[in-house]
Amino acid sequence: MSRVVALVAGTDLLDEVLQAAAVAGCEVERVVDVPALRGHWHTAPAVVVDPEGAKACVDEALPRRPGVLLVATGPPDPADWPCAVELGVERVIDVSAGPDGLRTALADLVEAPHEGGRVLAVLGGCGGAGASVLATAVGQAVLLRGRRALLVDCDPLGGGLDLALGAEAESGVRWPEVELSGGRVPASALRTALPWVSRGGGTLSFLSCSRSGPDPAPQAVAAVVEAGRRAGESVVCDVPRQLPPAACAALDRADLAVLVVPAEVRACAAARRVADQVAARGVGLHAVVRAPGPGGIRPVEVAEAVGVPLLTAMRAEPRLPAALDHGRFPLRTRGPLAKAAREVLSALDATVPLRHRHVRGPDHRAPVGGG
């Protein structure tokens, strides 16, 4: 269990910190002064200080570090901001406003790796384009690299990604059994509940739609995607081109979105409409073109017709449809599908994570800059 270090003097405030940490799944080690704190300053996943503790840290010239929370029993005093800025405080939290802010902040800090995860949305430009297959292949590519992946099925009419994986018999919850109304979901709880496959040091968890039952709710999709991101996983979302609200919840959180388009004239026309809808949501989109097509249209011409940059092209794999029908998704490192999946994953890894581009959360945050 992760251990948070707290330099908090007041008994009531310390009780708030202890209760929030218990809910967030971490322990608290209380220190009484800055010399005792100094030994944990660079190693603790999070440090909690009260205003007096922040001032003492600044007086003792502790360097700035990430993961510092300043807690108080009321709205932040303007006199506290200079110390907060000097110390690199990430959030100033008023515990009198309720326990959720501190609980969420602690859970985020102790659970998330420094870099965090990234989110990929895979859409089909037309019916039968192969978006689900590519999404599954990207998840497998993460697995083969010895990392953690979370495959999220956002297409209730797609038949279920567990079928694409050949894992419909694996135990674990599917979307109809997931009861979430939004908010924060611990990644550890999600891993325990979901079915998964492993290889070497990698793990691929998946949350599939079912052949019956209710569709995933937008708030639930958002909570699951953010849980995977916080845990440092590569989150791969299979998003239907009709873009219902649940699909938009995944798409809006994507660091990269790709559109699978067959090299056919009608497919290009259909994909252009999908691309326009995605663009209207402010999400950057790249094309993965299935080529060659029957008319000899080149991948670059497909991308130009759809109006999005070309990420990669892939040829058909003759044995793939039969393998999928027999419940065997090919786990291989060669072939057009595996190559395209690796290229998409490399593009995803190269993106700037969305959490570094947008500031979220209702709590008070320290201003940027000095003084």
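Guide: The 13 residues of helix α9 (residues 218–230) should span 18 Å at 1.5 Å a residue, and the end C-alpha atoms are 18 Å apart, which agrees. The expected span is 1.5 Å times one less than the number of residues; helices are DSSP runs (H or I, at least four residues), numbered from the N terminus. This is a predicted model, in which local features need pLDDT of at least 70 and side-chain atom pairs count only at pLDDT 80 or more, while totals for chains, interfaces and linings use all residues. Residues are numbered from 1 along each chain as its sequence is written, and side-chain values use heavy atoms, leaving out hydrogens and water.

Visitor: What makes α9 largely enclosed by the rest of the structure?

Guide: Of its 13 residues, 11 are buried, so α9 is largely enclosed. Buried means under 20% relative accessible area, exposed over 50%, and partly exposed in between (1.4 Å probe, protein chains only).

Visitor: Why is E226 called buried?

Guide: E226 has 14% relative accessibility and therefore counts as buried. R229, with a relative accessible area of 2%, is buried as well.

Visitor: What makes the contact of R229 and E226 a salt bridge?

Guide: The term requires a side-chain nitrogen of Lys or Arg within 4 Å of a carboxyl oxygen of Asp or Glu. The N to O distance here is 3.3 Å, so the contact qualifies. Both residues lie in α9, three residues apart. Salt bridges that share partners join E226, R229, R253 and D255 into one network.

Visitor: Why is E60 called partly exposed?

Guide: E60 has 42% relative accessibility and thus counts as partly exposed.

Methods
Helices (H or I, at least four residues) and strands (E, at least two) are DSSP runs, numbered from the N terminus.
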